[in-house]
Amino acid sequence: MSKVILEVCCGSADDVIQAHKAGAHRVELNSNLFHGGLTPTIGELLVAKRETNMKIMTMVRPREGGFCYTDAEFATAIEDAKLLLANGTDGLVFGFLHQDGTLDRERTKILAQMAQDAGKETVFHRAIDVVADWKAVLDELIDLGITRVLTSGQEPDVSMGTDTIREMIAYAKGRIQILPGAGITARNMDRIIAETGCDQIHLAAHRPCSDTSVCNNRAIYYGGALYPPEDRFNVIDSDYIGGMVSRLG
């Protein structure tokens, strides 16, 4: 297999460190992966850069639940983007839509220009998977100079969207990078690469870790109604990722 870039979706500085140990080529740093990834803290970025010095793309997403933000939320996104760019990010990951699910070109242009002025890359994330006309949106993103698009092929899982992703790659003709992501595993990776013809993939693979500091009172929960276990958290599984990296050459 010819070399394919492997980008790992990370939710913490520890995730980035583990992805680096595994040999990942690039990471996307977020907070709150449970809600699809939100803007990480500056501290996470600084520690991740200091400990790995690897290529780190950072999410700019002020809240969960859609991609049409209030004025205050968008103002927050701009301030976050400024801080991320000033503190070493290699690029910004974002997506802005109108209430009807069409591209918010004006807001997309603002963040794209900020990154481009700083000499950094830009990624329009999986908001593209809910637009009605992905070809029209790709044309606009190309016109705005966006570096790449993260997509599942407008399906819940990349393995169901390979035909669309292959079509996206053909339509792009090298004018914008197409990055398949969502549901890629060691079992389906080779098939997805073969069926799409992609030269890069985006995935996450976590293992559970324990934190016993809360075990004196099992009745206490600090989260919402889902009540996740308070004595466990996830971190990137470097052995799993490493095995995939070695297969990618």
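The buried residues (under 20% relative accessible area, 1.4 Å probe, protein chains only) of helix α6 (residues 162-172) are T162, I165, M168 and A172. This is a predicted model, where local features need pLDDT of at least 70, side-chain atom pairs count only at pLDDT 80 or more, and totals for chains, interfaces and linings use all residues. Residues are numbered from 1 along each chain as its sequence is written, and side-chain values use heavy atoms, leaving out hydrogens and water.

**Exercise 1.** Work out how the buried residues of α6 are arranged around the axis, and what covers them.

*Solution.* Step one: look down the axis. The four buried residues, T162, I165, M168 and A172, cover an arc of only 115° (taken from the directions from the helix axis to the C-beta atoms), so they sit on the same side of α6. Step two: find the cover. It includes α5 (134-143), β6 (148-151), β7 (177-180) and α7 (189-196).

**Exercise 2.** Find how α1 and α2 are oriented towards each other.

*Solution.* Start with the axes, lines fitted to C-alpha atoms over the stretch in contact (heavy atoms within 4.5 Å), with angles from 0 to 180 degrees between N-to-C directions. Those of α1 (residues 13-22) and α2 (residues 42-52) come within 8 Å and cross at roughly 25°. That makes α1 roughly parallel to α2, because angles under 35 degrees count that way. Last, check who meets whom: A13, V16, I17 and H20 in α1 meet E44, V47, A48, E51 and T52 in α2.

Note on methods
Buried < 20%, exposed > 50% of the residue type's maximum accessible area, 1.4 Å probe, protein only. Helix = DSSP H or I, 4+ residues; strand = E, 2+ residues; numbered from the N terminus. Parallel < 35°, antiparallel > 145°, perpendicular 65-115°, else oblique.
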